[in-house]
Amino acid sequence: MKSEGAEGQSRPSIGTCGQTADTGSLDSGSTTDSSTTSTSVTIRVARFTPRQARPGRTASNPFAATSSPFGSRPGRPRGKRWTQEYKVHTSPEQTILDCLLQIKREQDPTLNFRYSCGHGMCGSDAVLVNSTPTLLCTATIGDHAKAPAQGTDEGADSSQGFRRTGQARDADPEPRQNTEAVRTGWLGIIEIKPLPGFTPLRDLIVDTDTMFEQIRRFRPYLRDGAGPESETENLQTPAQLSKFELLSNCIACGICEGSCPVYAGGEAFAGPAALIAASRFINDSRDQHRQERLDDINQEDGILACESVRACSRRCPKGIDVGEEMWRLVEAVNR
């Protein structure tokens with residue numbers, strides 16, 4: 001896993017984010033239209049630099065829940081917070097990760113973010129893009145850049161169902177296209193923030209240790225005594241495999257955790273990622289500890305803390321219906 005910044009080294013470029021729309025053909029007979037403007041986007045990043053601890057002084061809180069597994073999950077770390085904007089020349093087909101890498105190389109080497117594979121397989125680059133948890137490496141500029149409507153504040157989104165004071169009720173609810181932005185080739189604004197529910201370490205890098213601790217808490221592996229004692233293979237039918245096959249594709253990116261109002265709100269909750277890992281083995285016919293696993297998740301901070309709002313199902317990069325699986329766990333526990 002790579003973290004762009006002081007925590008790691010940057011990877012070699014995997015794409016050219018600076019390609020412009022006025023690039024002509026390599027044919028010697030072709031010409032480039034100089035009147036065509038390049039496309040650009042404004043990246044608005046919520047940055048954070050932690051405050052260095054003073055030597056010889058340790059913070060103590062008499063009300064800290066030291067016996068709780070959530071005691072190591074502070075609410076708001078101290079440090080400097082600010083919003084910084086970058087203008088990047090790019091194209092709608094490029095990913096946000098490519099643009100951040102370009103910013104890192106050409107504009108601001110102090111910008112910190114995390115990524116690893118860059119292809120939506122590791123889940124290490126989950127952030128909040130325009131208030132929606134998603135992966136940097138799969139989110140494209142064209143899908144997330146928002147151009148402000150004419151006559152509105154820059155970056156305002158009028159499609160969220162809120163009516164501005166003084167606006168007519170029969171006004172067009174869809175924001176009108178900004179003709180000036182189209183003429184100049186400006187695609188719009190993309191706001192990026194760290195994933196909610198996790199302690200920020202620096203800029204877009206968050207501490208995911210608590211999530212993995214909760215996943216390990218439910219023992220996500222086939223335990224001793226799984227399957228019949230024989231020297232042959234422990235075969236499964238296609239119907240048995242279908243019960244957990246999709247769940248095994250979870251990459252523990254934390255998007256469902258950042259979407260969950262309980263987990264992201266700081267409540268005592270193991271989180272949907274840990275419960276998905278538990279459900280994968282609860283539904284595995286080779287495991288002989290189904291009842292014990294159901295007892296493990298039947299806790300106040302386990303499945304009982306789920307409010308079944310299904311917000312965790314909206315943006316799963318692997319297509320898992322997390323909310324439906326949470327409901328099935330509730331039914332299994334009740335039975």
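Mentor: The protein has 10 helices and 9 strands. Both are DSSP runs, numbered from the N terminus: helices are H or I with at least four residues, strands are E with at least two. This is a predicted model, in which local features need pLDDT of at least 70 and side-chain atom pairs count only at pLDDT 80 or more, while totals for chains, interfaces and linings use all residues. Residues are numbered from 1 along each chain as its sequence is written, and side-chain values use heavy atoms, with hydrogens and water left out.

The protein has 335 residues, and 41% of them are buried. Here buried means under 20% relative accessible area, exposed means over 50%, and partly exposed lies in between (1.4 Å probe, protein chains only). Contact means heavy atoms within 4.5 Å. Take the contacts with a separation of 6 or more: 75% of them join residues 24 or more positions apart.

Now to our part, strand β5. It covers residues 126–129.

On one side, β5 meets β6. They run antiparallel, joined by 4 bridges. Two strands count as paired if DSSP finds at least two bridges between them. Strands of a sheet pair through backbone hydrogen bonds, either parallel or antiparallel. Here β5 and β6 form a hairpin, with 2 residues between them. Asn130 sits in that turn, and has a positive phi of about 50°. Val127 stands opposite Thr134.

Thr134 deserves a stop. This residue is in strand β6. With a relative accessibility of 12%, Thr134 counts as buried. Leaving out residues up to four places away in sequence, Thr134 touches Asp125, Ala126, Val127, Val129, Ala139, His144 and Ile255. Arg315 is 181 residues from Thr134 in sequence, but their C-alpha atoms are 6.7 Å apart in space.

β5 also pairs with β7. These two strands run antiparallel as well, with 2 bridges. The bridge partner of Leu128 in β7 is Lys193.

Step back to the whole sheet. It is open, has 5 strands and mixed pairing, and runs in the order β3-β2-β7-β5-β6. Its edge strands are β3 (79–89) and β6 (132–135), each pairing on one side only. From one strand to the next, the twist averages 35°. Helix α1 (residues 96–106) packs on this sheet and touches β2 (40–50), β3, β5 and β7. The direction of α1 makes about 100° with that of β3. Such axes are lines fitted to C-alpha atoms, for helices over the stretch in contact, with angles from 0 to 180 degrees between N-to-C directions.

What about α1 itself? Of its 11 residues, 9 are buried, so α1 is largely enclosed by the rest of the structure. Among them are Ile96, Leu100 and Ile103.

Two of those names return in the core. A nonpolar core is a set of buried Ala, Val, Leu, Ile, Met, Phe, Trp, Tyr and Cys residues joined through side-chain atoms within 4.5 Å. The largest one has 63 residues, and those touching the most other members are Ile43, Ile96, Leu100, Ile190, Ile297 and Ile303. Helix α8 (residues 272–282) gives the largest share of this core, 7 residues. Setting aside neighbours within four places in sequence, the contacts of Ile43 include Leu100, Ile103, Ile190 and Ile192. In soluble globular proteins, nonpolar side chains tend to be buried together.

Last, the rings. The structure holds 2 aromatic pairs. Phe113 and Tyr115 form a tilted pair, 6.2 Å centre to centre with 35° between the planes. Both Phe113 and Tyr115 are buried. The centres of Phe198 and Tyr263 are 5.7 Å apart and their planes at 55°, so this pair is tilted too. Phe198 lies in the loop between β7 (186–193) and β8 (199–202), and Tyr263 in helix α7 (residues 261–264), so the pair ties together parts 65 residues apart in sequence. For such pairs, rings of Phe, Tyr and Trp (its six-membered ring) have centres within 6.5 Å; planes under 30 degrees apart count as stacked, over 60 as edge-to-face and the rest as tilted.
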